[in-house]
Each structure stands twice: as C-alpha cells, then as structure tokens.
Amino acid sequence: MKQLSITTAIQVAEYNELSEQDRALVDAAREATHRSYAPYSHFNVGAAIALDNGEIVTGANQENVAYPSGTCAERTACFYAHARYPEARFTTIAIAARGTDGNEVTNPIAPCGACRQALLEYEILAKGNVKVMLIGCNDIYILDSVKSLLPLAFSEF
Ligand SMILES: [Zn+2]
C-alpha cells in the first residue's frame with residue numbers, strides 16, 4: 001500500500017508587501033464588503049476578481065430569507081465577471097470579510113466548498129493558475145492556484 005500526501009503552499013504577506021496591482025484588488029475586495037446584503041448572518045464578505053482584460057469585478061454575499069437562495073460573495077463575483085466579460089480570463093481573486101462586529105476579520109477567511117468548485121471552473125477556463133488572496137486585517141494568505149484550495153477536485157476536464 002502506498003501513501004500520497006497533498007500539501008498546500010501558502011505565502012503570508014502584509015498589505016504593504018503586495019504589488020500595486022494586488023493592493024488595488026485587496027482594496028476592491030474590502031470595499032465590496034460594504035455592498036454585502038447580510039441581514040441574517042451579519043457576516044459581510046466581498047470578493048474582487050482581476051481579469052486579463054484589466055478589469056476588476058467585485059461581488060458581495062447576497063442573503064435571502066430562504067437561506068439556500070442566497071449566494072456567497074465569491075460566486076456573485078465570478079458569475080458576474082463571466083457574464084459581463086465572457087472572453088476574459090480570471091487572473092486573481094481576493095476575498096475579504098467583516099464580522100458581526102463590523103470589523104474586518106482577524107484571520108483570513110477561505111471560500112466555502114461550493115465556491116471552491118465554482119472558482120475552479122473559471123481557473124480551468126483560464127487555462128492557467130488563478131491566484132487566490134485571502135484577506136485578514138493583518139495577514140494576507142496567497143495561494144498560487146484555486147486547485148490549492150480544492151485538492152482532488154471533481155472535474156471532467
Ligand atoms: Zn461560498
């Protein structure tokens with residue numbers, strides 16, 4: 001019997017260590033948290049996607065009284081990005097959140113399983129890695145690929 005191991009490399013950076021382009025994406029994700037509609041969880045999430053056409057598309061979680069009808073920030077952003085710019089490819093996604101106290105989360109948050117699967121679809125479409133930036137108030141986790149978030153992912157490609 002053999003054993004396989006899967007590891008995930010995560011770079012941990014501070015805001016001022018990022019490139020100007022990445023700082024702009026972090027700013028956009030943080031700003032998007034203010035357009036969240038979260039009257040039930042009071043957890044405001046924002047996502048910002050950089051496209052290879054130079055555009056940044058943002059999304060925020062949108063809740064509904066029928067809870068499963070709501071959508072996470074990451075899927076709001078990626079579905080809108082592809083609907084708005086179907087020819088563009090994703091290059092980076094940044095995700096930020098504010099907790100129930102209204103302040104940015106201390107530790108970076110990561111996408112839920114459904115969002116990881118949705119984001120993977122766009123990484124496959126991009127035919128290249130999509131960088132992921134998970135934002136906390138101090139540390140920003142940087143992963144070089146959506147696949148890093150979803151090892152052994154379901155895919156027919
Ligand atoms: Zn999600």
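Val132 stands opposite Leu143 in β6, and that pair is a handy way into this predicted model. The two strands involved are β5 (residues 131-135) and β6 (residues 140-143), which run antiparallel and are joined by four bridges. As a reminder, strands of a sheet pair through backbone hydrogen bonds, either parallel or antiparallel.

Now step back to the whole sheet. It is open, has six strands with mixed pairing, and reads β1-β6-β5-β4-β2-β3 from one side to the other. At the edges you'll find β1 (11-13) and β3, each with a single partner strand, so one side of each has no neighbour in the sheet. On average, neighbouring strands are turned by 20 degrees against each other, if you ignore direction.

How do the helices fit in? Along the sequence, the pattern is β-α-β-β-α-β-α-β-β, giving three helices and six strands in the protein chain.

Take α2 (residues 73-84) as a worked case. Its 12 residues reach 16 Å from the first C-alpha to the last, close to the 16 Å expected at 1.5 Å a residue. This helix lies across β2, β3 and β4, and runs at about 140 degrees to β3. Which of its residues are buried? Ala73, Glu74, Arg75, Thr76, Ala77, Cys78, Ala81 and His82 are. An α-helix has 3.6 residues a turn, so residues three or four places apart point the same way. The buried residues of α2 pack against β2 (44-51), β3 (56-60) and β4 (90-98), and also against the helices α1 (20-32) and α3 (113-126).

That brings us to the inside. The largest nonpolar core has 37 residues, and Ala29, Ala47, Ile49, Ala94 and Ile95 touch the most other members. Contributions of at least two residues each come from α1, β2, β3, α2, β4, α3, β5 and β6, with β4 giving the most, at six residues.

Finally, zoom out to the protein chain. Among contacts between residues at least 6 apart in sequence, 63% join residues at least 24 apart. Of the 157 residues, 35% count as buried. The C-alpha trace spans about 50 × 40 × 35 Å along its principal axes. Why call the overall size that of a compact globule? With 157 residues, such a globule would have a radius of gyration near 15 Å, and the protein chain has 15 Å, which agrees.

Notes
Residues numbered from 1 in each chain as written. Predicted model: local features only at pLDDT ≥ 70, side-chain atom pairs only at ≥ 80, totals over all residues. Expected span 1.5 Å × (residues − 1). Buried ≥ 20, exposed ≤ 12 C-beta atoms within 10 Å, placed from the backbone. Contact = placed C-beta atoms within 7 Å. Pairing = 2+ DSSP bridges. Axes fitted to C-alpha atoms, helices over the stretch in contact; angles between N-to-C directions. Core = buried A, V, L, I, M, F, W, Y, C linked by C-beta atoms within 7 Å. Rg over C-alpha atoms; globule rule 2.2 N^0.38 Å.
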